[in-house]
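Let's take a walk through a protein together. Have a look at the picture first, and then we'll go through it piece by piece.

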Amino acid sequence: MYIICPQFSASEPVNPYALLGAAIVSELLGTTSLKLSEGFSRPVPSLGVVVGYGLAFYLVSLTLEDLPIGVVYGTWAALGIVGVAAIGIVVFDEPIDIPGAVGILLIIIGVYCVNVLSEMSAH
């Protein structure tokens, strides 16, 4: 995958996993903004929802040019769940218990298996 960068005359290759990471961060920002928007009654967080999710979907679409859809969507969804849970715990003081922590750990192990151990991913 190549992205045209205004600073350079030629396009530079971009690691699809870096794009996927940026998509996940964008989704986390959008989801956090959704919580802060209070039902879209606050304009600035509401704008954060639109920008965060819009950028996330754009970056995922670029990632899909180089990686299989199952790997991309599974990783995006799983790490989104883990990230949002962490934000909920740290930022919004939401509780976590042992079964919840085990479940989050299993999600992380699953992402590792799909992306590193499995032949599903383009290594």
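What percentage of the 123 residues of the protein count as buried? Here, 30% do, where buried means under 20% relative accessible area (1.4 Å probe, protein chains only). Keep in mind that this is a predicted model, where local features need pLDDT of at least 70 and side-chain atom pairs count only at pLDDT 80 or more, while totals for chains, interfaces and linings use all residues. Residues are numbered from 1 along each chain as its sequence is written, and side-chain values use heavy atoms, with hydrogens and water left out.

Now the layout. The protein has four helices and two strands, and from the N terminus on they run β-β-α-α-α-α. These are DSSP runs: helices are H or I with at least four residues, strands are E with at least two.

Next, follow helix α3 (residues 69-90) and helix α4 (residues 98-117): their axes come within 10 Å and cross at roughly 155°. Axes are lines fitted to C-alpha atoms, for helices over the stretch in contact, and angles run from 0 to 180 degrees between N-to-C directions. Angles over 145 degrees count as roughly antiparallel, so that is how α3 and α4 lie to each other.

Let's zoom in on T75, which is found in helix α3. T75 is buried, with a relative accessible area of 6%. Its side chain reaches the backbone oxygen of V71 at 2.7 Å. Leaving aside residues up to four places away in sequence, T75 touches L20, I24, G80, V111 and N115, a contact being heavy atoms within 4.5 Å.

How values were computed. Angles under 35 degrees count as roughly parallel, over 145 as roughly antiparallel, 65 to 115 as roughly perpendicular and the rest as oblique. Buried means under 20% relative accessible area, exposed over 50%, partly exposed in between (1.4 Å probe, protein chains only). A polar contact is a pair of N or O atoms within 3.5 Å; within protein, one must be able to donate a hydrogen and the other to accept it, and residues adjacent in sequence count only if both atoms are side-chain atoms.
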